[in-house]
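Thanks for coming, everyone. Please have a look at the model on the screen, and keep the sequence beside it.

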Amino acid sequence: MVVGFHKMKGSHFIKCEYVITILALAAVFLGVDLAHGQTSQSQNESVMLLLGSANPEVTRHRVEVAADLYYSEVSFARIVVSGGCGAYKSSICEASSMDSLLVQQGIPPEKIFEEEKSNSTKQNLCYSQKLSYEGEPVIGKGDNLYVVSDHWHAISVAGCFSKYGRVNKSVFHIEGSIEPRGPVDYTDIFKDCAKTNYCKSILWAFVDAAYFDPVKNKIYYFVDNIYYRKTPGKGIDAGFPKKLSQYPGWPKDWSHNVDAAYSHPGKDKVFLFNGVEFVSHAIGEAIEENATQKIAGAFKFWPRDWGRGYLDAAYYNGERKEIYLFKGSQYDVIRTTGLAGNKPKSIKQEYSKAWPFQWGTGDIDAVYYRSGDSGTILFRGTDFLQRSSQGGIDSKYPQAISLPWPEAIWGARP
């Protein structure tokens with residue numbers, strides 16, 4: 001696998017000694033054949049990863065760099081714009097800003113995929129590796145990846161994707177006059193990303209799904225291929241976390257992750273979602289064999305444009321007798337009293353008037369509901385917040401998610 005140095009240029013001269021240092025070190029730690037430059041185009045799909053900036057002017061310039069590359073001889077199937085809201089106390093949402101600017105450049109919006117949780121280059125790398133659409137990775141192993149920026153951090157990101165088998169090959173594409181610090185910025189990312197569980201550590205603790213068991217007063221958290229059980233006010237229960245395969249009755253044909261989960265005390269049931277399927281089991285009991293069902297067929301008022309499944313999060317509000325489903329920037333409410341479900345709404349605009357700026361358009365990962373003052377607990381990236389039953393969110397949120405690293409299962413944290 002080859003990482004190619006695509007090109008560098010700028011409106012000002014870059015000091016020659018910096019260029020020599022960059023090229024020499026790039027050749028050493030990324031294995032680039034500088035004599036050949038850009039690698040030849042293969043039959044694999046080409047994907048662009050555009051790294052964001054908290055500076056609006058820098059963001060605009062990077063979009064111009066990306067647009068020039070898009071209209072070059074390379075045919076791009078997808079473009080990932082990576083960057084969160086409010087990074088380094090900025091007033092912009094990097095991914096959505098880059099999305100809008102690319103569309104203004106004439107790039108089809110259906111080709112653009114937003115990754116809006118990152119607040120650092122390390123998170124750009126790790127969140128873009130996790131990014132998926134309808135169950136498929138947006139940046140796949142067979143793709144040719146072009147990491148685009150006007151900064152030297154693109155070198156390490158491209159190197160990590162390529163060297164460790166994340167893509168077929170990757171190219172870093174840099175245009176700009178920013179001088180490197182270091183002599184080379186972000187070399188630690190390239191060195192460290194080879195470590196086992198590197199991205200799991202960078203994104204710790206990323207919660208995929210959660211639910212509250214009101215019968216036994218337990219909270220369940222699903223994180224990658226493990227799950228935790230917690231007693232509110234007392235911490236993680238003894239013997240946890242456990243592997244998902246140890247979850248009672250775990251379906252043998254399910255991949256080791258949970259997309260969404262909720263408990264329904266009125267039915268004495270727990271619902272778990274995985275891809276296009278879900279299972280339900282009695283609270284406190286094991287999942288019965290062959291219990292999987294198709295999501296779209298079982299939910300009578302399933303939104304038409306939500307595909308076949310792949311939910312982000314879900315919860316049941318017992319007081320209102322409503323099921324809340326979340327997918328991307330939208331949420332839907334299905335009333336269990338026999339009334340029709342609503343048309344999906346915008347999380348940012350309608351779920352709460354106090355929706356935090358740094359949580360962008362929504363795209364939450366997990367949620368659970370507890371009646372009373374606890375309200376609804378939502379998880380996004382490495383943070384969580386609490387929403388009251390009236391829809392309010394205290395200004396002290398978001399806060400960092402706190403779960404113990406599963407050393408007994410994953411080994412020491414890198």
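First, the ground rules. This is a predicted model: local features need pLDDT of at least 70, side-chain atom pairs count only at pLDDT 80 or more, and totals for chains, interfaces and linings use all residues. Residues are numbered from 1 along each chain as its sequence is written, and side-chain values use heavy atoms, with hydrogens and water left out.

Now confidence. pLDDT is the predictor's confidence in each residue, from 0 to 100. The chain has a mean of 85, and 85% of its residues reach 70 or more. Over residues 1–42, though, pLDDT stays under 50. Where pLDDT is low, the predicted coordinates should not be read in detail.

On to helices. Helices (H or I, at least four residues) and strands (E, at least two) are DSSP runs, numbered from the N terminus. Take H2, residues 56–70. Its 15 residues reach 21 Å from first C-alpha to last, close to the 21 Å expected at 1.5 Å a residue. That expected span is 1.5 Å times one less than the number of residues. At the start of H2, a side-chain oxygen of Asn55 comes to within 2.8 Å of the backbone nitrogen of Glu57.

What about burial? Buried means under 20% relative accessible area, exposed over 50%, and partly exposed in between (1.4 Å probe, protein chains only). Buried residues of H2 include Thr59, Arg62 and Val63. Their cover includes strand S2, strand S3, helix H3 and H5.

Why is H5 largely enclosed by the rest of the structure? Because 10 of its 11 residues, in the run 153–163, are buried. Among them are His153, Cys160 and Phe161. After H5 comes Gly165, with a positive phi near 75°.

Next, Lys218. It lies in strand S10, residues 218–223. At 17% relative accessibility, Lys218 counts as buried. Its side chain makes a polar contact with the side chain of Thr231, at 2.6 Å. A polar contact is a pair of N or O atoms within 3.5 Å; within protein, one must be able to donate a hydrogen and the other to accept it, and residues adjacent in sequence count only if both atoms are side-chain atoms.

Now rings. Rings of Phe, Tyr and Trp (its six-membered ring) pair if their centres lie within 6.5 Å; planes under 30 degrees apart count as stacked, over 60 as edge-to-face and the rest as tilted. How many aromatic pairs does the structure hold? There are 37. Trp250 and Trp254 form an edge-to-face pair, 5.4 Å centre to centre with 85° between the planes. Both Trp250 and Trp254 are buried. Phe379 and Phe384 are tilted, because their planes are at 35°, with centres 6.4 Å apart.

Last, the backbone. Most residues other than glycine have a negative phi, and most peptide bonds are trans. The bond from Trp204 to Ala205 is cis, with omega near -5°. Another cis bond joins Tyr397 and Pro398, with omega about 5°. Glu134 is not a glycine, yet its phi is positive, near 50°. With a relative accessible area of 26%, Glu134 is partly exposed. Asn197 also has a positive phi, about 65°. Is Asn197 buried or exposed? Asn197 is buried, at 14%.

Key
Contact = heavy atoms within 4.5 Å.
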